[in-house]
Amino acid sequence: MTTEKPNSPYLNLYLGELKEPWEAYCAARNLKPGAAIRAAIQAQLKAARPPYDSQPLAASQAPAQAEPRRRYEITLIPSEMDAIRRRLDGKRTPRDWIAAVIRAALTREPQFGDAEVQVLANSNYQLQAIGRNLNQIARRLNERKAQDFPARRVADIERTIAQHTEAVTALMRACQERWPLA
């Protein structure tokens, strides 16, 4: 794609080798290629969740404890409450879980539990270790003493990166699998 003028209603799209099959597809269905792309985009946006025409709310920088809490009542059918209880991690209450779901929907940001926060803290620790090792490598290379740098240090860094990647992948999976309905 190319960059359009700001606020332009036009989209420039490079199709490359897809142009000819796309035109044949549209011709077989008596469609104009541009109109078909527009209809496909409209269908995607209509099916998208959450709707992309609304902006996420920014989370306040003030701690939530600073704001007074108000009580609201919702009613759930038993199967909904059972589904919530199955998803609890043993440390959250159904009320806390529901509040986290609402915050996640409003801000479009994940709401982490204690386990996820611990994984993130460990992730930061691992990133700091990687940074220190990379600084040592850069210093040695800049000193032109690369021949003195043991190859096992690079293997240690690779292992640390792999462990970090696994931890982040587990965290992302936990966030994605937390909210689905049964």
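**Before selecting anything**

Because the model is predicted, local features are described where pLDDT is at least 70 and side-chain atom pairs where pLDDT is 80 or more, while totals for chains, interfaces and linings use all residues. Residues are numbered from 1 along each chain as its sequence is written, and side-chain values use heavy atoms, with hydrogens and water left out.

**The whole chain**

Show the chain as a cartoon: there are six helices and zero strands, where helices (H or I, at least four residues) and strands (E, at least two) are DSSP runs numbered from the N terminus. Of the 182 residues, 15% are buried, a word that means under 20% relative accessible area, with exposed meaning over 50% and partly exposed lying in between (1.4 Å probe, protein chains only). In surface view, the accessible area comes to about 15400 Å², of which 55% belongs to carbon and sulfur atoms; such areas come from the Shrake-Rupley method with a 1.4 Å probe, and for residues only the protein chains shown count as cover. Among the contacts with a separation of 6 or more, 52% are between residues 24 or more positions apart, a contact being heavy atoms within 4.5 Å.

**Helix α1**

Select residues 19–28, which form helix α1, and show the side chains of Trp22 and Tyr25, which lie three residues apart, about one turn of the helix. How are their rings arranged? The ring centres are 5.4 Å apart and the planes are at 20°, so the pair is stacked; rings of Phe, Tyr and Trp (its six-membered ring) pair if their centres lie within 6.5 Å, and planes under 30 degrees apart count as stacked, over 60 as edge-to-face and the rest as tilted. Trp22 is partly exposed at 24% relative accessible area, and Tyr25 is partly exposed at 39%.

**Helix α3**

Next select residues 78–87, helix α3, where Met81, Ala83 and Ile84 are buried. Looking down the axis of α3, you will find these buried residues within an arc of 155°, so they line one face of the helix; the arc is that of the directions from the helix axis to the C-beta atoms. The buried residues of α3 pack against α4 (94–107), whereas Pro78 and Arg86, on the other side of α3, are exposed.

Move to α5 (residues 114–142) and pick out Gln126, which is buried with a relative accessible area of 16%. Which residues does Gln126 touch, not counting those up to four places away in sequence? Showing its surroundings brings up Thr160 and His164.

Then select α6 (residues 151–177), which holds both Arg159 and Asp156, three residues apart and about one turn of the helix. These two side chains meet in a salt bridge at 2.4 Å, N to O. Arg159 is partly exposed at 46% relative accessible area, and Asp156 is partly exposed at 29%.

Technical notes: Salt bridge = Lys/Arg side-chain N within 4 Å of Asp/Glu carboxyl O.
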